[in-house]
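Let's take a walk through a protein chain, picking out a few spots along the way. Have the picture ready and follow along.

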Amino acid sequence: MEDSLCAGEASVLLQPSSPSWSPLAWAAVLVVALLLLVSQPPAFLQTPLIGYLLTWSPALLMGMLANIQISVLAVAIGTLAGLLIGALQLSSLRPVRMAARWYVQLFRNAPMLILIYFSTYVFPFEIHLGSHYFSFPDWIKVTLGLALPASANVAEIFRGAILSIPAPQWEAASSLAFRRSQLLRWIILPQCLRRMLPPWMNLYATITMGTALASLVGVHDLLDTAQIASTTVNRVDFTVTVYFTSLLLFFLYCYPISRFTQYLERKYAFS
């Protein structure tokens, strides 16, 4: 019996182990496969529909980069403004606190499309400084329009994170003679960051999907490129394919963010 077990263990040890590839190696293989597919497509891909899609793929990717650019800038501006407004909501001055809360309530409950139209038509098309004129492109106006709800949501996320800190931690830090700046820097804000990160990433994904509305005010983004491609080719099957491709590009960008957000929620669930 023991001899058979030893023989079985020896056979397992002598079996060659399957190579484990790193994510970088898999990514390199995928890139090479895509390059080969584009340079020498097989016969079943050499159809007019696939040809049109491959022709418009670089333009669609550039349009997606425009959406990403708008979302990153909108959330960056919204985060900076939201942290300030969130702090004002906790002010001891009632007029300041009420003004900040009304700002949050107004822009958290306003549709993104209305805010995009508002920023597009309220801000001028160019800025006059002295003898110089500077253009104010539509994509910047859309960025500012999306930064408004982003700032309101970040302000509420920040206020909720501050209020979620247990009172004994404030009292313990005060008993150690910490100044208020030290209390916030070393004890409160690190815990707030862990609480804010998952909803902040959800907000970024929402703003990214909201950038699809930018095409309605003339911004050359992914949806605008898809519409131009559909009109140029003028085929029903290509129209369905190009809009499905646009949907797929948004999904491939936002889905990893969603999965990472779920991971952070599980990681910081009991912190």
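## A serine and its neighbours

Leaving aside residues up to four places away in sequence, Ser 246 touches Leu 222 and Ala 226, where contact means heavy atoms within 4.5 Å. You'll find Ser 246 in helix H10 (residues 236-267). Helices (H or I, at least four residues) and strands (E, at least two) are DSSP runs, numbered from the N terminus. Is Ser 246 buried or exposed? Ser 246 has a relative accessible area of 3%, so it is buried.

A quick word on what you're looking at: this is a predicted model, where local features need pLDDT of at least 70 and side-chain atom pairs count only at pLDDT 80 or more, while totals for chains, interfaces and linings use all residues. Residues are numbered from 1 along each chain as its sequence is written, and side-chain values use heavy atoms, with hydrogens and water left out.

## The whole chain

The protein chain has 10 helices and 2 strands, and along the sequence they come in the pattern α-α-α-α-α-β-β-α-α-α-α-α. Of its 271 residues, 32% are buried. Take the contacts between residues at least 6 apart in sequence: 73% of them join residues at least 24 apart.

Rings of Phe, Tyr and Trp (its six-membered ring) pair if their centres lie within 6.5 Å; planes under 30 degrees apart count as stacked, over 60 as edge-to-face and the rest as tilted. That rule gives 6 aromatic pairs here. In one of them, the ring centres of Tyr 117 and Tyr 121 are 6.2 Å apart and the planes are at 10 degrees, so this pair is stacked. Both sit in helix H5 (residues 112-122), 4 residues apart, which means about one helical turn separates them.

How open are they? Buried means under 20% relative accessible area, exposed over 50%, and partly exposed in between (1.4 Å probe, protein chains only).

| Residue | Relative accessible area | Class |
|---|---|---|
| Tyr 117 | 32% | partly exposed |
| Tyr 121 | 61% | exposed |

## H5 meets H6

H5 also packs against helix H6 (residues 138-163), at an angle of about 135 degrees and with the axes 8 Å apart. Axes are lines fitted to C-alpha atoms, for helices over the stretch in contact, and angles run from 0 to 180 degrees between N-to-C directions. H5 and H6 are therefore oblique to each other; angles under 35 degrees count as roughly parallel, over 145 as roughly antiparallel, 65 to 115 as roughly perpendicular and the rest as oblique. Among the residues making the contact are Leu 115 and Ile 116 of H5 and Val 142 and Leu 146 of H6.
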